[in-house]
Amino acid sequence: MTAVSTRKPAPGARLAPVSAGRKIKDRVVQGLVYLAFALALIPLVSVLWTVIVNGAERLDPTFFQFSMNAVSGSDAGGGAYHAIIGTLEQVLITSLIAVPIAVLTAVYLVEYAGNGRLGKVISFTVDVMTGIPSIVAGLFVLALWLLTFGFDFSGLAGSLALTILMIPTVVRATEEMLKLVPNDLREASYALGVPRWRTVCFVVLPTAMTGIVTGVMLAVARVMGETAPLLLTIFFTKAINNDPFNGAQASLPTFIWEQAADPSQNSIDRAWTGALVLIGIIMVLNLVARLVARRKAPAGR
């Protein structure tokens, strides 16, 4: 066998200069990366600018203080107070149901399932649920909750439909974050005699908390803008309904859909403003969740 030289270069030795061809290739690839980033950014900035410019027309206190009760599509004024309340309540209920189920499912898949048959079945089911169209989730809740069980249209029914869409997204995001936690942390905890469930609760989950929160907020952003399942489960109302468990309830997606369908310019302005408010709520929730996750994260992360 040929001996491998382990001799280090002398301190004063210089590395061979980079060839011109390699420099050109590096510049070309770097330029392509910047170009791809710019192309991806153009539609995002365009959509955001369009929504801001058109939505600013009705961004006034009246929009946040009043509902559309007794206001026709062609009338000026009116607001989305009822829709904002409905969206916040529905997303809150959805998160309370979906996040614990999804996180526990991900913990089971990563920490307990191994190569077992049950884990494979759950993983396959999550993959199938990820591709379910939103209208299918609405039809399922409509057929089961409303038609079979006989419950009325309500914010809760809409939340159940959104839960079906939210669970697989949170499961996959949480699963990937848990896999990124170094096994050394687990083994160190086990070496101290800490049970597995305490290791998961006090070592693994806190370490992955920032990524889990990011996944949850991505799921919230997805379900908060869904319209199709809500059209089938919460119905329409222009009045304020603060009770998500009784009666039809409005939401920002259905409010935008209803106002955009009216050819009146006043309705179109309200639809644009509703879209702007929806984007703003998602951004605020995202920022708050990131700040909370950063404060709760272990020291040094």
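How many nonpolar, polar and charged residues are in the lining of the largest cavity? The count is five nonpolar, four polar and two charged residues. The model is predicted.

**The cavity**

- A search of the whole structure turns up one cavity of 30 Å³ or more.
- The volume of the largest cavity is about 60 Å³.
- Probing for gaps works in a simple way: a probe the size of a water molecule is rolled over the atoms, and this shows where empty space is left.

**The cavity lining**

- Helix H11, residues 252–260, gives the largest share of the lining, with three residues.
- Among the lining residues are Thr254, Phe255 and Glu258.
- Phe235, Phe236, Thr237 and Lys238 also line the largest cavity.

**How H4 and H6 pack**

- Helix H4 spans residues 117–130, and helix H6 spans residues 155–179.
- The two helices pack at an angle of about 125 degrees.
- Their axes lie 9 Å apart.
- Because of that angle, H4 is oblique to H6.
- The crossing of H4 and H6 is left-handed.

**Who touches whom**

- H4 makes the contact with Ser123, Val126, Asp127, Met129 and Thr130.
- H6 makes the contact with Ile164, Pro168, Val171 and Arg172.
- By class, the residues of this H4 and H6 contact are five nonpolar, two polar and two charged.

Key:
Residues numbered from 1 in each chain as written. Predicted model: local features only at pLDDT ≥ 70, side-chain atom pairs only at ≥ 80, totals over all residues. Heavy atoms only, no water. 1 Å grid on protein atoms, 1.4 Å probe; cavity = no way out; pocket = protein on both sides within 12 Å on 5 of 7 lines; lining within 4 Å. Points joined across faces, edges and corners; volume = space filled by probe spheres on them. Helix = DSSP H or I, 4+ residues; strand = E, 2+ residues; numbered from the N terminus. Nonpolar A, V, L, I, M, F, W, Y, C, P; charged D, E, K, R; others polar. Axes fitted to C-alpha atoms, helices over the stretch in contact; angles between N-to-C directions. Parallel < 35°, antiparallel > 145°, perpendicular 65-115°, else oblique. Left-handed = near helix turned anticlockwise from the far one by under 90°. Contact = heavy atoms within 4.5 Å.
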